[in-house]
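Q: Hi! I've just opened this one and could use a guided look around. Can we go through it together?

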Amino acid sequence: MFQKVTIMGHLGKDPELRTSKDGKNFSKFTVATTSGFGDRKKTTWWNVTVFGRQSDVCQQYLRKGSIVHLDGNLDIDEYDGKDGKHHVSVNLLANSVTLLPKAIQSNEQPQAQPQAQAQTYDSPFYPPGGYAEIDEAPF
């Protein structure tokens, strides 16, 4: 069976860098998505984990409030807490992370700029348009 989840939302906090028992880096952060409108508007918080080189790029470029587009798989953990209650944790294991341009993040219309004034970035993941797509799967 195949599953794929795609979300787009705002980071709720800066990515947190962690290291696995076997010494590999990964990043964890939360992303808020919104659905509905008016009185029926609902915000859903997603726990996201990114592995490998994508994790390093996320650490460098993502900040609280950034808008990202994520593709990945759901990982569902069930456990009994210290309080004796059964808990379920749903996590998105991101295979693809796309950092959206600043114009989209601020809801502004992109403005044409002369070529000489185009933004440049030090990362090979950032083309002159200001977005990055990272397509390496951790497995």
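Predicted model: local features only at pLDDT ≥ 70, side-chain atom pairs only at ≥ 80, totals over all residues.

## Strands and neighbours

Q: In which sense do strand 4 and strand 6 pair?
A: Strand 4 and strand 6 (residues 86-99) pair in the parallel sense, over three bridges. Two strands are said to pair if DSSP finds at least two bridges between them. Helices (H or I, at least four residues) and strands (E, at least two) are DSSP runs, numbered from the N terminus.

Q: Which residue in strand 4 does Ser 27 stand opposite?
A: Ser 27 stands opposite Val 50. Ser 27 itself lies in strand 3.

Q: Is Ser 27 buried or exposed?
A: Ser 27 counts as buried because its relative accessibility is 0%. The cut-offs are under 20% relative accessible area for buried, over 50% for exposed and partly exposed in between (1.4 Å probe, protein chains only).

Q: What does the side chain of Ser 27 make a polar contact with?
A: The side chain of Ser 55, at 2.6 Å. A polar contact is a pair of N or O atoms within 3.5 Å; within protein, one must be able to donate a hydrogen and the other to accept it, and residues adjacent in sequence count only if both atoms are side-chain atoms. Setting aside neighbours within four places in sequence, Ser 27 is also in contact (heavy atoms within 4.5 Å) with a list of residues including Pro 15, Leu 17 and Gln 59.

Q: Where is Thr 49 found?
A: Thr 49 is in strand 4, and it counts as buried at 4% relative accessibility. Its side chain makes a polar contact with the side chain of Lys 28 (3.0 Å). Apart from neighbours within four places in sequence, Thr 49 is in contact with Phe 26, Ser 27, Lys 28, Leu 92, Leu 93 and Ala 94.

Q: Now Lys 42: buried or exposed?
A: Lys 42 counts as exposed, since it has 51% relative accessibility. Its place is in strand 4. Leaving out neighbours within four places in sequence, Lys 42 is in contact with Thr 33, Thr 34 and Ser 35.

Q: New topic! How many salt bridges does the structure hold?
A: One. A salt bridge is a side-chain nitrogen of Lys or Arg within 4 Å of a carboxyl oxygen of Asp or Glu. Here the side chains of Arg 18 and Glu 16 meet (2.9 Å, N to O). Arg 18 counts as partly exposed at 35% relative accessibility, and Glu 16 counts as partly exposed at 34%.

Q: Why can side chains pair like that?
A: Side chains of opposite charge can pair when their charged atoms come close.

Q: What does the side chain of His 10 reach?
A: The backbone oxygen of Gly 65, at 3.2 Å. His 10 is found in strand 1 (residues 5-11) and is partly exposed, with a relative accessible area of 39%. His 10 and Lys 64 are 54 residues apart in sequence and 7.5 Å apart in space, C-alpha to C-alpha.

Q: Last one, the big picture. How many helices and strands are there?
A: The protein chain has two helices and seven strands, running β-β-β-β-α-β-β-α-β from the N terminus on. Of its 139 residues, 34% count as buried. Among contacts between residues at least 6 apart in sequence, 56% join residues at least 24 apart.

How values were computed. Residues numbered from 1 in each chain as written. Heavy atoms only, no water.
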